[in-house]
Amino acid sequence: MTTEGEAPSRIADASLAAALFSVDPSGLGGVTLRAGHGPLRDQWIAAVKAMLPEGAPVVRLPFNISDDRLEGGVDLAASLASGRLCKQASVLEGIDGGVALLPMAERLETGLAARLAAVMDHAASRADARPAFGLIALDEGLAPEEQPPTTLLDRLALRVDLHGDFDRTDKITPLPRADIAAARDRLAHVAEPEDALVTAVCEVALAFGVSSLRSVIFTLKVARAHAALAGRSLLGQADLAAAARLVLAPRATQAPVAPEAEQAPPDPPPPDSPPPDASADDSASPEDQPPLDDPETLSQEEAAEILVAALRALLPELDAPAPRRRPARMRQGEAGGSGGGAPTLSMRRGRPIAARAGPLNSGARLDLVATLRAAAPWQKLRAAPGGEARLAIRKDDIRLRRFVRRAELTTVFVVDASGSTAFQRLAEAKGAVEQLLARAYVSRARVALIAFHHKGAGVLLPPTRSLTRAKRFLADLPGGGGTPLSLAMDASLSLALSERAKQRTPMLVFLTDGRANIDGRGEAGRGQAEADALTAARKVGAAGVRTLFIDTSLRARPDADRFARAMGGAYAFLPLVESRAVAELVTREGGRALGG
Amino acid sequence: MVTFHSKGRFFSPMSKVYPFSAIVGQEQLRRALMIAAVDPAIGGVMVFGDRGTGKSTAVRALADLLPPIQTIRGCAFHCDPKRPPTCTADCARRADGISPVIETAPMPVVDMPLGATEDRVVGALDIEHALIRGEKRFEPGLLARANRGFLYIDEINLLDDNLVDLLLDVAASGENVVEREGLSLRHPARFVLIGSGNPEEGELRPQLLDRFGLSVDVRTPTDLGDRVEVVKRRIAFDQDPAKFLGLWAKEQARLRRQIVSAAKRLTKVATPDAILEAAARLCIAVGSDGLRGELTLMRVARATAAIEGVDAVSLTHLRSIAPMALGHRLRRDPLDEGGSAVRIERAMAELFGP
């Protein structure tokens, strides 16, 4: 239970989100459930199942579902076996009024996300033809940039994060099914929000940097569901506060600060900020509130105040740790396109190459001609005596198409932003990024930038192939402080691995003098820092990620070379960092990374 | 439960689409789409912008606004009965003296999903037919469905390269040539290409960009009043689509009439020599490559005059559409911070005065 004057605990809000989602699954689009596999996540899903109407379908979508399965089509295997046409139903068939579970949503391909989004849009706009359902996107991402495609995120009203510190005793508890059913019935009778309220939500969303208007609409819808749950027919302050916490807070990209600080990351609100009374409510105790059902409606100012107070109470959690990270506002799209790299085999996309035998399962595509050719020699043998002449195709005849597509290179610059030369190094690194991108315009390579200084390392530029984006993200760069080299190596390794998971070839380019003086825990001290950095370097080496270590110190020192060797990568000594030279080096090394 | 469909609703399955006329703001986008509808030869519209800016809403809404077309019943390519047979499949029967049934159909607006395979776009061997009846039959793809209409590709910048090449080829020739899986056929595929995408997520290949007649930038409205209006209208639409559509029916009809009459007027719109010269000077001044820019500029200006219901192109028309007709044709300068629209405005101010 929450104490007076504080936002409800995260666990209470997670339970509340489950209840609200169950009230109006299709209206709210769905939930992004960010959590690892574990009891809490299972409880959350079980709670939703317990609150949905008896017998409501819950369908787990296959990962990387094919178009045929999403929209229905011909079931080839069954058609072949039976010799007549067998249709394969869409997995979403019969899901009307139910819920779909999407596993590993953070790995969802952009293309598939777009198709899912289209299905959801149709469901929302042409209710008679398409089934209406809510989607639970199971997001197992850990790193901030590991998240489901924005196309999808934007269409799911609620976000629940079950990562982090929860007590063992914390539990997601479902409300009685009857209460939810009653709320569902009441929902239609909850008054549509007044203009003043709409204006207030728009205003607050803008102030907190939530640009999508869909989020504004979702805020109002969640508030209505909350009111329905509490038995109100008018939106009250508790409803607004809950909607602000569940919809707006996770999407906030800035805190409303003075305009001159616009470029700065959200400042943590002052610790002495007034206790936000307004948000001190949770759905389980609506009767604690003053009688909200009173016809007295909220004014625009009151509504805005409630929303801001609710958001303020959560903001400390939103603030990113050092050094700084722009909120992952937009996700790098996953391109199916080919790049300038070495070819990798793909079963689904790219340029077709020779077919091969294999089982006809998800994602594989039948090569009909090759299959028929494989079946042809056996026809006589297979023909049933006296039976009608029909093509007999067996499982072993099936030939699958294969496609070749080129591997795409992601160059990750890991730039030392510590000490006095930080500015120059960063400026030249930025120059190199822009030159590579201007060149990569045709080859479609990606570039990312991690900067490290002071006590941490952060992704300043998530992998992108857009010059426009790079310019905006690298507009101003931090600098100064110590050299947490081991943290930088850890951060870059995790980015490299996440790129590799997306079928791209990562290459890390370190721009540093290699003088580590902050250790893996963020403490100062050269000895420990160097030991940690060496360990981290070996980890990078063990992962087999291609690296290029550009030593920027004035005299070549054994340290830097040692790190380079531990990572098993190339080493270059470049005391006068110059963007053109860096870009040259990187291009050459990148060619090798893809060639080898 | 028995449901009763009124006749009108039964015949227009698109009737639940948010009306084009009720879109708040987005002047440039709405205008570009109308121009493309009036003169399909302009070559399509590229829409740049963030997600959730209402790009898709606008394009899907356009479908409901477009005038219907006359077509041959059963023709997978929506062939025009007034023209000689163009497709090999169903319309070929016309040559055999069988008179086709002519019907009125909505102008096709085809959504091409990002993950679409080549099979689905180009068309492929009808597997069902091949397997079960042993017949070789062509299953038309999205290009066939889009013939004489619009092809909309959301996030076109993320499209597979092999598909981009294919689209370029088809868009240039107006014909889809299928040579695969033992099939060999060609069918008409003339469509207005509408692409959208966020340049921050991947640039578009210059060759493809150049094929578009118009390009517009779309941003999420930042004006509070506009944002409130968007949300209010959306809520009203979701709550009672029929009522909302009723409120906007008159405005929808007006826009539809405007498109139809502009398309008729188009051939009558005169282009004074002075305007031709101004267009040429502008293209030279901004350094747009090739003649395509100039040609498009004139066509767009003419369509704009036609939409406004006047019979001659004026310098005002030219100036109002120059940024969207030329913006994407300027050579990229990685070091130029300002956008191409700024360069065009600057050039126009120098050439034609403020």
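1. Starting with one helix pair in chain A: from α7(A), the residues A:Ala183, A:Arg186 and A:Leu187 meet A:Arg224, A:Ala225, A:Ala228 and A:Leu229 of α9(A). Sorted by type, the residues of this contact come out as 5 nonpolar, no polar and 2 charged. Bear in mind that this is a predicted model.

2. Now the geometry of that pair. α7(A) and helix α9 (residues 213-230) of chain A pack at about 125°, and their axes are 8 Å apart. An angle like that makes α7(A) oblique to α9(A). As for handedness, the crossing of α7(A) past α9(A) is right-handed.

3. α7(A) also has a contact with α1(A). On the α1(A) side you'll find A:Ala19, A:Ser22 and A:Val23, and these meet A:Ile180, A:Ala183, A:Arg184 and A:Leu187 in α7(A).

4. How do the axes of α1(A) and α7(A) sit, in angle and distance? Helix α1 (residues 10-23) of chain A packs on helix α7 (residues 177-187) of chain A at an angle of about 55°, with 9 Å between the axes. The two helices, α1(A) and α7(A), are therefore oblique to each other. Their crossing is right-handed.

5. Moving on along chain A, A:Val190 sits in the loop between α7 and α8 (195-207). Is A:Val190 buried or exposed? A:Val190 counts as buried because it has 22 C-beta neighbours inside 10 Å, where the cut-off for burial is 20 or more.

6. Who are the partners of A:Val190? Setting aside neighbours within four places in sequence, A:Val190 is in contact with A:Arg224, A:Ala227, A:Ala228 and A:Ser233. The C-alpha atoms of A:Val190 and A:Arg224 are 6.5 Å apart, although 34 residues separate the two along the chain.

7. Last, a residue in chain B. B:Ala32 belongs to helix α2 (residues 27-38) of that chain. With 28 other C-beta atoms within 10 Å, B:Ala32 is buried. Not counting residues up to four places away in sequence, B:Ala32 touches B:Val45, B:Leu214, B:Val216 and B:Met324. There's also B:Val300, 268 residues from B:Ala32 along the chain, with 9.0 Å between the two C-alpha atoms.

Terms used
Residues numbered from 1 in each chain as written. Chains lettered and ligands numbered in written order. Predicted model: local features only at pLDDT ≥ 70, side-chain atom pairs only at ≥ 80, totals over all residues. Axes fitted to C-alpha atoms, helices over the stretch in contact; angles between N-to-C directions. Helix = DSSP H or I, 4+ residues; strand = E, 2+ residues; numbered from the N terminus. Parallel < 35°, antiparallel > 145°, perpendicular 65-115°, else oblique. Left-handed = near helix turned anticlockwise from the far one by under 90°. Contact = placed C-beta atoms within 7 Å. Nonpolar A, V, L, I, M, F, W, Y, C, P; charged D, E, K, R; others polar. Buried ≥ 20, exposed ≤ 12 C-beta atoms within 10 Å, placed from the backbone.
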